[in-house]
Amino acid sequence: MSKLKDVTTAEFETEVLCSPIPVLVDFHAVWCGPCKASAPALEDAAREFEGEIAFVKVDVDQEAEIAEAYDVQGVPTFILIKDGQPVERFQGLVSRGKLAGVLEQFVGDGK
Amino acid sequence: MTAFRAFGDERKRASLIADIDAKGPIYAAWLTRESVAGDISLVSDDYGLHPAFARLLPCLGAFGEAEDARPFYGSLFDAIPTGADTGALAREAVLLAWTDPTYGRSKIVPQGAVREACEGVVALVRQSIDAPVDRKAWRAARTRLLASASGDAGLEKTVDLMMSLAWDLDQAPGAAQDVMVAWTAGINAEADASDEDAFSLEEGERFEIEMNKINEEAMEALAQSRSMDSIGVEEFLEVVDRIWVADPVRNDLRRRSRARRERSNAKMAVWRAAIQKRVLEIADRSFAQRTDIMPEGVPPETLDLSGI
């Protein structure tokens with residue numbers, strides 16, 4: 001069971017769009033195997049990038065409006081949002097290596 | 001620092017081996033299910049195995065897809081003394097992805113900045129066997145690797161593997177599984193590419209299009225007489241098979257694809273047997289040298305050694 005917070009449509013603006021740091025949004029579904037399998041990697045990455053990148057989840061079945069707004073066609077889809085704008089997007093089961101490869105461009109010297 | 005002590009007593013070791021035996025093919029057993037769901041804490045907590053080591057077990061047994069790995073698990077558990085810390089074994093096992101003389105990725109990375117960055121990662125993993133490595137050092141190694149590999153598409157898979165290797169396995173034990181999955185994918189791709197009857201790009205695309213088309217056709221045919229939820233896998237595959245066979249030209253593509261998959265699986269089995277052998281050798285060598293094994297009777301749960 002993932003420990004990352006599920007955000008609702010009502011919370012999305014405050015938690016994601018207005019966040020002072022980049023936010024990785026995990027668009028997932030409760031029935032999705034690769035979403036569950038990706039959860040431990042996301043939690044490890046969330047610990048690694050604590051204070052630099054925020055991590056939240058959006059349940060595409062519960063929050064269809066946001067999923068549609070970001071044209072999410074499959075799950076899991078990950079979108080990194082910085083200053084309210086999507087800056088990276090990738091899909092499918094992720095490894096810690098893949099996550100670090102994407103996220104480290106947006107922290108520290110890569111900011 | 002937290003350490004896991006293997007088994008706790010002989011009874012626990014025997015119960016783990018018996019548990020795996022009783023559950024049959026590992027594919028159906030808890031190792032696979034738990035690891036896919038992302039929670040392997042049961043194995044660590046009940047049997048005192050380091051979480052990274054526990055995560056390697058399904059990978060080393062091919063998730064049960066190719067063979068029955070029970071004899072390997074039995075030999076491996078027998079090689080681990082009661083009370084041993086299996087964290088070092090996990091670190092040495094993942095290092096094989098770089099160092100193995102036949103299959104290690106060091107064989108395919110040319111001299112240059114990427115290789116130097118990979119060697120930097122390997123040095124940190126080696127260091128972490130004996131002492132904790134600072135989080136910043138792992139991050140710096142990853143950053144260096146990313147910078148060195150920028151734009152080199154040919155090394156993308158290997159860089160992904162090495163990026164997964166550059167994590168502290170105490171903090172992110174699942175990275176061990178990431179390394180093995182990436183290594184498996186790399187070896188599998190090489191097996192496919194070197195096949196005697198490899199698909200051309202055009203044939204590969206055509207096969208995928210035909211496969212998707214036939215799957216859709218079968219699902220639509222079955223859905224005409226019942227709800228989607230009630231369609232079983234076996235009957236779906238039966239209809240799919242009928243559609244393939246009805247067209248000899250496209251069925252030939254499937255025949256070639258299946259034959260190639262069998263040849264690739266055979267190559268993967270050779271690789272897996274070699275890696276299992278090396279992991280057993282590492283266990284035999286490293287535990288024979290260790291003197292800090294705890295006596296029997298110590299509970300297998302984690303021990304807080306932070307005050308030491």
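Which residues in α4(B) are buried? They are B:P51, B:A52, B:F53, B:A54, B:R55, B:L56, B:L57, B:P58, B:C59 and B:L60, where buried means under 20% relative accessible area (exposed is over 50%, partly exposed in between; 1.4 Å probe, protein chains only). This is a predicted model, so local features need pLDDT of at least 70 and side-chain atom pairs count only at pLDDT 80 or more, while totals for chains, interfaces and linings use all residues. Residues are numbered from 1 along each chain as its sequence is written, chains are lettered from A in the order in which they are written, and side-chain values use heavy atoms, with hydrogens and water left out.

**Chain B overall**
- Chain B comes to 13 helices and two strands; helices (H or I, at least four residues) and strands (E, at least two) are DSSP runs, numbered from the N terminus.
- Buried residues make up 48% of the 308 in chain B.
- Take contacts (heavy atoms within 4.5 Å) in chain B between residues at least 6 apart in sequence: 75% of them join residues at least 24 apart.

- Helix α4 of chain B, residues 51–60, has 10 of its 10 residues buried, so it is largely enclosed by the rest of the structure.
- α10(B) has 19 residues and reaches 27 Å from its first C-alpha to its last, close to the 27 Å expected at 1.5 Å a residue; that expected span is 1.5 Å times one less than the number of residues.
- The buried residues of α10(B) include B:A175, B:A176, B:V179, B:W183 and B:I187.

**Where the chains meet**
- The contact takes 19 residues from chain B and 17 from chain A.
- Between them the two chains bury about 1,400 Å², 48% of it on carbon and sulfur atoms; buried area is the accessible area (1.4 Å probe) that two parts lose on being put together, summed over both.
- On the chain B side, B:R135, B:R139 and B:W167 lose the most area to chain A, together 36% of what that side buries.

**Cavities**
- There are three cavities of 30 Å³ or more; on a 1 Å grid over the protein atoms alone, a cavity is a set of points where a 1.4 Å probe fits but cannot get out, and lining residues have an atom within 4 Å of a point.
- The largest cavity has a volume of about 50 Å³, a volume being the space filled by probe spheres set on the points, which are joined across faces, edges and corners.
- Among the residues lining the largest cavity are B:V94, B:W138, B:W167 and B:V179, and α10(B) gives the largest share of that lining, three residues.
- That lining divides into nine nonpolar, two polar and no charged residues (Ala, Val, Leu, Ile, Met, Phe, Trp, Tyr, Cys and Pro count as nonpolar, Asp, Glu, Lys and Arg as charged, the others, Gly among them, as polar).

**The largest pocket**
- The largest pocket has a volume of about 1,000 Å³; a pocket is an open set with protein on both sides within 12 Å along at least five of seven lines.
- Of the 38 residues that line the largest pocket, A:V94, A:S95, A:G97, A:K98 and B:D160 are the closest to its centre.
- The lining of the largest pocket has 17 nonpolar, 12 polar and nine charged residues.

**A spot in chain A**
- A:I66 is found in helix α3 (residues 64–69) of chain A and is buried, with a relative accessible area of 5%.
- Not counting residues up to four places away in sequence, A:I66 touches A:T8, A:T9, A:F12, A:F27 and A:V58.
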